[in-house]
Amino acid sequence: MDGKYIQELSQEERLVFVRLFCKLINIDNSVEKEEIEFLKVISNRYGLNNNVVVDIIKSSKNIDAIAEARKITNRQHALELIKELCVLANVD
């Protein structure tokens, strides 16, 4: 994952990315140890506290993925989100 675009994201956009990552990881109702480790790496890359990510994963069932994705209005950021979600889906 090329993370150069992350520097351009607002704090809210970073949270949207991580919320959607958590939603995708927990879509099968199971969060594996490797996925937890991945989320720790992600939280660091996106400049978020691990506790924030833990709270997001715990509430991921309540995340409206479409509403979250609509918050990304910059086309390039939206394309990066799609790319990152595809990579994550392939790993999961």
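Visitor: Which residues of the largest nonpolar core touch the most other members?

Guide: The model is predicted: local features need pLDDT of at least 70 and side-chain atom pairs count only at pLDDT 80 or more, whereas totals for chains, interfaces and linings use all residues. Residues are numbered from 1 along each chain as its sequence is written, and side-chain values use heavy atoms, with hydrogens and water left out. A nonpolar core is a set of buried Ala, Val, Leu, Ile, Met, Phe, Trp, Tyr and Cys residues joined through side-chain atoms within 4.5 Å, where buried means under 20% relative accessible area, exposed over 50% and partly exposed in between (1.4 Å probe, protein chains only). The largest such core has 22 residues, and those that touch the most other members are F17, V18, F21, C22 and Y46.

Visitor: Which element gives the largest share of this core?

Guide: Elements are DSSP runs numbered from the N terminus, helices being H or I of at least four residues and strands E of at least two. Two or more core residues come from each of α1 (11-25), α2 (33-45), α3 (50-58) and α5 (75-91). The largest share, 8 residues, is given by α1.

Visitor: With which residues is V18 in contact, leaving aside its neighbours within four places in sequence?

Guide: V18 belongs to the group that touches the most other core members. Contact means heavy atoms within 4.5 Å. With neighbours within four places in sequence set aside, the partners of V18 are I42, Y46, L48, V53 and I56.

Visitor: What is the radius of gyration of the chain?

Guide: The secondary structure comprises 5 helices and 0 strands, in the order α-α-α-α-α from the N terminus. The globule rule (2.2 Å times the number of residues to the power 0.38, with the radius of gyration taken over C-alpha atoms) gives 12 Å for 92 residues. The chain is as compact as a globular protein of that length because its own radius of gyration is close to that value, at 12 Å.

Visitor: What percentage of the contacts with a separation of 6 or more joins residues 24 or more positions apart?

Guide: The C-alpha atoms fill a box of roughly 30 × 25 × 25 Å along the principal axes, and 37% of the 92 residues count as buried. Among contacts with a separation of 6 or more, the share from residues 24 or more positions apart is 79%.

Visitor: Is I63 buried or exposed?

Guide: I63 lies in the loop between α3 and α4 (65-70). Not counting residues up to four places away in sequence, I63 touches R19, K23, I56 and E68. Its relative accessible area is 12%, and therefore I63 is classed as buried.

Visitor: How many Å separate the C-alpha atoms of S59 and R19?

Guide: S59 is found in the loop between α3 and α4 and is partly exposed, with a relative accessible area of 32%. S59 and R19 are 40 residues apart along the chain. Their C-alpha atoms are separated by 9.2 Å.

Visitor: How many Å apart in space are L24 and C86, C-alpha to C-alpha?

Guide: L24 is placed in helix α1, and with a relative accessible area of 22% it is partly exposed. In sequence, L24 and C86 are 62 residues apart. In space, their C-alpha distance is 10.0 Å.
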